[in-house]
Amino acid sequence: MAKAIIPKGNHNLILDLAAAASGAIHFDQLGLSPVALDLGFFTLKWYSLAYLAGILVGYWYLLKLVAQPGSPMARRHADDMIFYATLGIIIGGRLAYVFFYQPEILRNPLDVFKLWNGGMSFHGGVIGVSLGVLYMARKENLSWLRIHDYVACCVPFGLFFGRLANFVNGELWGKETDVPWAVIFPTGGPFPRHPSQLYEAFFEGIVLLLILAFAFWKTRARYKPGLLVGLFLFFYGLFRFGIEYYREADAQLMEFAARTGLHMGQWLCVPMILGGLYLIVTAKGRRVRVEPIAGSASVS
């Protein structure tokens, strides 16, 4: 459907009328800015802080996990893991965004390195972190699948902070709606939209964290290799797939979504859901006696 062209002089008036008519929240009135700190010669954005917070809080939580009985790695391995995970997030996330979401960046290859312009894919970050885990596990002769289980429990922190940063940036907004909590975003036209960034922060961050925390702390899931990472892949894929129905497709992928019937994010979630389900169903068969590398007891 073609979108109406709004004369520039009437833009603010239309925004105000739309907000008043629908009772929607006007993003500009929230006092939010993508910039957390501006010293003139140095600018720090909330998106950068979100990545930093996700890594630091995830590291703190990982140390709590490896201190429990039956851990697949020691503290020194957790320290190394943060380095490999950070590289995996940045390299994997950026390359996947370029290849799947905006391949035209490749016309100017140096633009691939311009991370400050935005553009990261969570699916690519997952692949990057997994490759980092595989490398470290092989290097240290550790169980790569059990390390994945522990790392997966920490990822929701990064998802939560990242989606909040998307909201603060006024980007990746949802489809037009008339729900009472709808938001009119400056770059989203004059009509109220779903704050899909907050939906994702809640489900992919808080709810997913609670599911994994319950499985780790209240059940014996961590002694069934692949179960925790399976739960992560399955529920993340399920949540993201569902929320994409409320999220507007990326501008450059509108035609792709219309042609295939699904957003790119949904297509990328399908193998995550199927892979997670496989790991969950087969986890019981992988249960073996676990001799701890850290912690205080072996568990059969």
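**Salt bridges, cores and rings**

Modeller: Let me begin with a charged pair, Glu244 and Arg247, whose side chains form a salt bridge with 3.5 Å between N and O. Please keep in mind throughout that this is a predicted model.

Colleague: Is Glu244 buried or exposed?

Modeller: Glu244 counts as buried, because its relative accessibility is 4% and buried means under 20%. Arg247 is buried too, with a relative accessible area of 5%.

Colleague: Which other residue forms a salt bridge with Arg247?

Modeller: Glu200 does, and the closest N and O atoms of Glu200 and Arg247 are 3.2 Å apart. Glu200 lies in helix α7, while Arg247 lies in the loop between α8 and α9, so this pair ties together parts that are 47 residues apart in sequence.

Colleague: And what is the relative accessibility of Glu200?

Modeller: For Glu200 the value is 1%, which means that Glu200 counts as buried. Glu200 also meets Arg163 in a salt bridge, with 3.2 Å from N to O. Because Arg163 lies in helix α6 and Glu200 in helix α7, the pair ties together parts that are 37 residues apart in sequence. Arg163 is buried as well, at a relative accessible area of 9%.

Colleague: Which residues are linked in that network of salt bridges?

Modeller: The network links Arg163, Glu200, Glu204, Arg240, Glu244 and Arg247. As for the whole structure, it holds 12 salt bridges.

Colleague: Changing topic, which residues touch the most other members of the largest nonpolar core?

Modeller: Those are Met81, Ile147 and Phe232, in a core that has 51 residues. Several helices each supply at least two residues of this core, namely α2, α3, α4, α5, α6, α7, α8 and α10. The largest share, which is 10 residues, comes from α8.

Colleague: What is Phe232 in contact with?

Modeller: If we leave aside the neighbours within four places in sequence, Phe232 is in contact with Phe122, Ala152, Val155, Leu159, Leu208, Leu212 and Gly237.

Colleague: Where is Ser121, and what does Ser121 touch?

Modeller: Ser121 is placed in the loop between α3 and α4. Not counting residues up to four places away in sequence, Ser121 touches Gly93, Ala96, Tyr97 and Tyr101. Ser121 is buried, with a relative accessible area of 5%.

Colleague: On to the rings, how many aromatic pairs does the structure hold?

Modeller: The structure holds 18 aromatic pairs. One of them joins Tyr47 and Tyr51, with the centres 5.2 Å apart and 70° between the planes, which is an edge-to-face arrangement. These two tyrosines are 4 residues apart in helix α2, so about one helical turn separates them. Tyr51 is partly exposed, with a relative accessible area of 28%. Phe241 and Tyr245 also form an edge-to-face pair, at 5.8 Å from centre to centre and 75° between the planes. Tyr245 is partly exposed, and its relative accessible area is 45%.

Colleague: Which residues form the aromatic cluster?

Modeller: One aromatic cluster is formed by Phe202, Phe203, Phe234, Phe235 and Phe239. Elsewhere, Arg222 lies over the face of Phe216, at 4.6 Å from the ring centre.

Colleague: Last topic, the backbone: what is phi of Asn141 near, and where does Asn141 lie?

Modeller: Phi of Asn141 is near 60°, which is a positive value in a residue other than glycine. Asn141 lies in the loop between α4 and α5, and Asn141 counts as exposed, at 71% relative accessibility.

Colleague: And what about Leu172 and its phi?

Modeller: Leu172 also has a positive phi, of about 55°, although it is not a glycine. Leu172 is placed in the loop between α6 and β4, and this residue is partly exposed, with a relative accessible area of 29%.

Note on methods
Residues are numbered from 1 along each chain as its sequence is written. This is a predicted model: local features need pLDDT of at least 70, side-chain atom pairs count only at pLDDT 80 or more; totals for chains, interfaces and linings use all residues. Side-chain values use heavy atoms; hydrogens and water are left out. A nonpolar core is a set of buried Ala, Val, Leu, Ile, Met, Phe, Trp, Tyr and Cys residues joined through side-chain atoms within 4.5 Å. Buried means under 20% relative accessible area, exposed over 50%, partly exposed in between (1.4 Å probe, protein chains only). Contact means heavy atoms within 4.5 Å. Rings of Phe, Tyr and Trp (its six-membered ring) pair if their centres lie within 6.5 Å; planes under 30 degrees apart count as stacked, over 60 as edge-to-face and the rest as tilted. A charge sits over a ring if NZ of Lys or CZ of Arg is within 6 Å of the ring centre and within 35 degrees of the ring normal. A salt bridge is a side-chain nitrogen of Lys or Arg within 4 Å of a carboxyl oxygen of Asp or Glu.
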